[in-house]
Amino acid sequence: MTPLLVATDLDGTVVRPDGTISDRTVSAFALVEESGAEFVIATGRPPRLVAEIAGRFGDRGLAICSNGAYLYDMHTRTVVEEYAITTPDLAEAVTRLRAAIPGIGIAVEHADRLVADPVYEPWEWDRGATIERADDATLLSLPAPKLLGRHPSLSADELLALAEPALDGLVAAYHSNGSRLVEAIAIGVNKAAALARLAARSGVAASDVIAFGDMPNDLPMLSWAGTAYGVANAHPDVLALVDHVIGGNNEDGVAVVLEQLYAKENSVVGE
C-alpha cells in the first residue's frame with residue numbers, strides 16, 4: 001500500500017547545503033498530495049523560519065515546528081497549537097544548565113522572537129529575529145516553547161552529553177546539529193508526538209506513515225513511523241536506526257523515494 005502520510009525534516013534532509021530546496025523536491029511533495037496522501041513538514045525551525053519558505057510549498061500543508069512545540073498552518077501562516085515548558089520548569093532548567101556547563105549562554109525561542117541573556121551568542125538560525133537581551137526576570141517570565149543554550153567552544157554532541165543528565169526528568173534535551181548549541185523542550189514534546197496526533201486525527205496508523213530525517217532530534221519520529229528513511233549525510237545515530245539509507249540532501253534523495261512511491265500511475269493512495 002502507498003503510504004497515507006509523509007513527514008520530512010527540512011534542514012539537512014531536503015534543504016541543500018546552500019539553503020535552497022530543489023524544484024524536483026517541491027514537485028515530489030506536490031505529487032504526494034495529488035495522490036491523496038498527507039504531507040507534513042517536521043522541523044526544528046521556529047515558525048518565523050518556516051514562514052519564509054511556506055511560499056515554496058505553495059502555502060499549503062502543516063508544519064511541526066520547534067521540534068514539536070508548535071503546529072503551524074502554512075496556508076494561513078499562523079500558529080494553531082503550542083506546547084511549552086512551564087515557567088517553574090524553565091527557571092530550574094536554566095539553573096541546572098548553568099551549573100553543569102559554565103559559560104553557556106541562554107535564550108528562549110518564541111514563535112516570532114528570541115529573548116536571550118547577555119552571554120548568548122547568535123548564529124545563522126537567529127537570522128530575521130531581533131534578539132531581546134534581558135535579565136533573568138524577563139527571560140524566564142513566560143512559558144518557553146524551546147530553550148536554547150550556546151557555548152563558546154563545546155560541540156553540540158559534547159553539550160548534549162552534559163545537558164541530558166543535568167536536565168533529566170525536567171525537560172527533554174536534544175540537538176539538531178546547531179553549532180555549539182543544545183536545545184530543550186517540554187517532556188513529551190517531540191516530532192513523533194506531534195505527528196502521532198496529526199495521524200490520529202486523520203485516522204492514519206503509524207504503519208501507513210513514512211518519515212525522513214537526518215539528526216538525533218528526528219529519532220523519535222523515525223522510530224514511530226512505519227518506515228523510516230535517513231539521508232546519506234545523516235548523523236550516525238540516524239543511519240543506525242532507519243530502515244533505508246537514501247541519497248543525501250544534495251542529491252534529492254527524498255524526492256527520488258517519493259517519485260518511486262507516488263508515481264502518477266498510482267491513481268489512488270492505498271489501492
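**Entry 1: helix H2**

Is helix H2 (residues 47-54) largely enclosed by the rest of the structure or largely open? I looked this up in a predicted model. Six of the eight residues of H2 are buried, so the helix is largely enclosed. I wrote down the buried ones: Pro-47, Arg-48, Leu-49, Val-50, Ile-53 and Ala-54.

**Entry 2: the whole chain**

I then stepped back to the chain. I noted nine helices and 14 strands. What radius of gyration would a compact globule of 271 residues have? It would be near 18 Å, and the chain has 18 Å, which agrees. Along its principal axes, the C-alpha trace spans about 60 × 35 × 35 Å.

I checked burial too. Of the 271 residues, 54% count as buried. The chain exposes about 10,800 Å². Carbon and sulfur atoms supply 52% of that area.

I also looked at contacts between residues at least 6 apart in sequence. Of these, 58% join residues at least 24 apart.

Then I turned to charge. I recorded 19 positive and 38 negative side chains. The centres of the two sets lie 4 Å apart.

**Entry 3: aromatic pairs**

How many aromatic pairs are there? The count comes to two. I took a look at one of them, Phe-212 with Tyr-229. This pair is stacked, with 4.8 Å centre to centre and 20° between the planes.

Phe-212 lies in strand S12 (residues 209-213), and Tyr-229 lies in strand S13 (residues 227-231). The pair therefore ties together parts that are 17 residues apart in sequence. Are the two partners buried or exposed? Phe-212 is buried, at a relative accessible area of 0%. Tyr-229 has 10% relative accessibility and also counts as buried.

**Entry 4: positive phi**

Most residues other than glycine have a negative phi. Arg-77 has a positive one, near 55°. I found Arg-77 in the loop between S4 and S5. Its relative accessibility is 39%, so Arg-77 counts as partly exposed.

Asp-252 also has a positive phi, near 55°. Where is Asp-252 found? I traced it to the loop between strand S14 (244-246) and helix H9 (253-261). Asp-252 counts as buried, because its 9% relative accessibility is under the 20% limit.

**Entry 5: Gly-103**

I picked Gly-103 next. Gly-103 sits in the loop between helix H3 (87-100) and S6. With a relative accessible area of 43%, Gly-103 is partly exposed. What does Gly-103 contact, leaving aside its neighbours within four places in sequence? I listed Val-119, Arg-150, His-151 and Pro-152.

I also took a distance from Gly-103 to Leu-258. They are 155 residues apart along the chain, and their C-alpha atoms are separated by 44 Å.

**Entry 6: Pro-118**

Pro-118 has its place in the loop between strand S7 (114-116) and strand S8 (131-133). Is Pro-118 buried or exposed? At 70% relative accessibility, I put Pro-118 down as exposed. Leaving aside neighbours within four places in sequence, Pro-118 is in contact with Arg-133 and Ala-134.

Pro-118 and Ala-107 are 9.4 Å apart in space, C-alpha to C-alpha. In sequence they are 11 residues apart.

**Entry 7: Asp-218**

My last stop was Asp-218. Asp-218 is found in the loop between S12 and helix H7 (219-224). Asp-218 is buried, with a relative accessible area of 0%.

Which residues does Asp-218 touch, not counting those up to four places away in sequence? I found Asp-9, Lys-191 and Gly-213. I also checked Asp-218 against Ala-192. They are 26 residues apart along the chain, and their C-alpha atoms are separated by 8.2 Å.

Note on methods
Residues are numbered from 1 along each chain as its sequence is written. This is a predicted model: local features need pLDDT of at least 70, side-chain atom pairs count only at pLDDT 80 or more; totals for chains, interfaces and linings use all residues. Side-chain values use heavy atoms; hydrogens and water are left out. Helices (H or I, at least four residues) and strands (E, at least two) are DSSP runs, numbered from the N terminus. The radius of gyration is taken over C-alpha atoms; the globule rule is 2.2 Å times the number of residues to the power 0.38. Buried means under 20% relative accessible area, exposed over 50%, partly exposed in between (1.4 Å probe, protein chains only). Contact means heavy atoms within 4.5 Å. Accessible areas come from the Shrake-Rupley method with a 1.4 Å probe; for residues, only the protein chains shown count as cover. Lys and Arg count as positive and Asp and Glu as negative; His and the chain ends are not counted. The place of a charge is taken as NZ of Lys, CZ of Arg, CG of Asp or CD of Glu. Rings of Phe, Tyr and Trp (its six-membered ring) pair if their centres lie within 6.5 Å; planes under 30 degrees apart count as stacked, over 60 as edge-to-face and the rest as tilted.
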